[in-house]
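Reader: I am new to reading protein models, and I would like to go through one slowly with you. Could we take the features in turn, with the general idea before the particular case?

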Amino acid sequence: MSQNAVLTQGTILQRGDGGSPEVFVAVPDVTQISGPDASKAEIEVTDLGSTAKEFKGGLADFGRMTVDLNYIPGNAIHSAMRNDFISASSPVRNWRMLFVNGKRWDFAGYIAAFPGSTQPDSVQKSSMTIRLSGAVVEV
């Protein structure tokens, strides 16, 4: 039933600080979140007795998540994410996506891309890509 659909306005993306205990802080000025673009490996199991190709699903790859945001130079969280991207170690961080119905997704990933966009009659923008590592867990 469409009446059970979860609204997206109010969804929050949080970035973990890597501490113990870990503290999660909201990423400000997010305008859109796309993904994760999850898929599974395809494992062929056809044998000489098969009458057609046979397959099993392999490991899930939760892929990438794209986060569009109004980039604010000097903002502590935006700067920290940019520094993660620039870092040679590409740190894998813990992330959370909080939904307005009280559920959340917990996942880990590193920032794989952080391009910016500057154009007339607009604001400074970025479209950050998080490469997920491991499973997305719904809590």
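Author: Let us begin with a definition: a salt bridge is counted when a side-chain nitrogen of Lys or Arg lies within 4 Å of a carboxyl oxygen of Asp or Glu. Please keep in mind that what you see is a predicted model. With that cut-off in hand, look at Arg 104 and Asp 106, whose side chains meet in a salt bridge with 2.7 Å from N to O.

Reader: What is the general idea behind such a pair of side chains of opposite charge?

Author: Side chains of opposite charge can pair when their charged atoms come close. In this structure, a search of the whole model finds six salt bridges.

Reader: Which residue forms a salt bridge with Asp 61, and how far apart are the closest N and O atoms?

Author: The partner of Asp 61 is Arg 131, and the closest N and O atoms of this salt bridge are 2.8 Å apart. Asp 61 belongs to strand S5, residues 55–61, while Arg 131 belongs to strand S10, residues 125–132, so the pair ties together parts that are 70 residues apart in sequence.

Reader: Which residues are linked in a network of salt bridges?

Author: The network links Arg 15, Asp 84 and Arg 93. Within this group, Asp 84 forms a salt bridge with Arg 93, and the closest N and O atoms are 2.9 Å apart. Asp 84 counts as buried because its relative accessibility is 8%, and Arg 93 is buried too, with a relative accessible area of 18%.

Reader: Now I would like to turn to the open spaces. How much space lies in the largest pocket, and which residues are closest to its centre?

Author: The largest pocket holds about 340 Å³ of space. Its lining is made of 16 residues, and those closest to the centre are Thr 8, Thr 11, Thr 31, Gln 32 and Ile 33. Two elements give two or more residues to this lining, namely strand S1 (12–16) and strand S3 (30–34). The largest share, four residues, comes from S3. If you sort the lining by class, you find nine nonpolar, six polar and one charged residues.

Reader: Which residues form a nonpolar patch on the surface?

Author: The patch is formed by Val 6, Leu 7 and Val 100, which together have about 270 Å² of accessible area. One of them, Val 6, is found in the segment before S1, and Val 6 counts as partly exposed because its relative accessibility is 41%.

Reader: What is the value of phi at Ser 90 and at Asp 121?

Author: For Ser 90, phi is near 40°, a positive value in a residue other than glycine. Ser 90 sits in the loop between H1 and strand S7 (93–98), and with 29% relative accessibility it counts as partly exposed. For Asp 121, phi is near 55°, again a positive value in a residue other than glycine. Asp 121 is found in the loop between strand S9 (116–117) and S10, and is exposed, with a relative accessible area of 85%.

Reader: Where does Gly 74 lie, and how far is its C-alpha atom from that of Ala 5?

Author: Gly 74 lies in the loop between strand S6 (64–70) and helix H1 (76–86), and is exposed, with a relative accessible area of 69%. The C-alpha atoms of Gly 74 and Ala 5 are separated by 37 Å, and the two residues are 69 residues apart along the chain.

Methods:
Residues are numbered from 1 along each chain as its sequence is written. This is a predicted model: local features need pLDDT of at least 70, side-chain atom pairs count only at pLDDT 80 or more; totals for chains, interfaces and linings use all residues. Side-chain values use heavy atoms; hydrogens and water are left out. On a 1 Å grid over the protein atoms alone, a cavity is a set of points where a 1.4 Å probe fits but cannot get out, and a pocket is an open set with protein on both sides within 12 Å along at least five of seven lines; lining residues have an atom within 4 Å of a point. Grid points are joined across faces, edges and corners, and a volume is the space filled by probe spheres set on the points. Ala, Val, Leu, Ile, Met, Phe, Trp, Tyr, Cys and Pro count as nonpolar, Asp, Glu, Lys and Arg as charged, and the others, Gly among them, as polar. Patches are made of residues with over 30% relative accessible area and no salt bridge: like charges are joined within 9 Å, nonpolar side chains (Val, Leu, Ile, Met, Phe, Trp, Tyr) within 5 Å. Accessible areas come from the Shrake-Rupley method with a 1.4 Å probe; for residues, only the protein chains shown count as cover. Buried means under 20% relative accessible area, exposed over 50%, partly exposed in between (1.4 Å probe, protein chains only).
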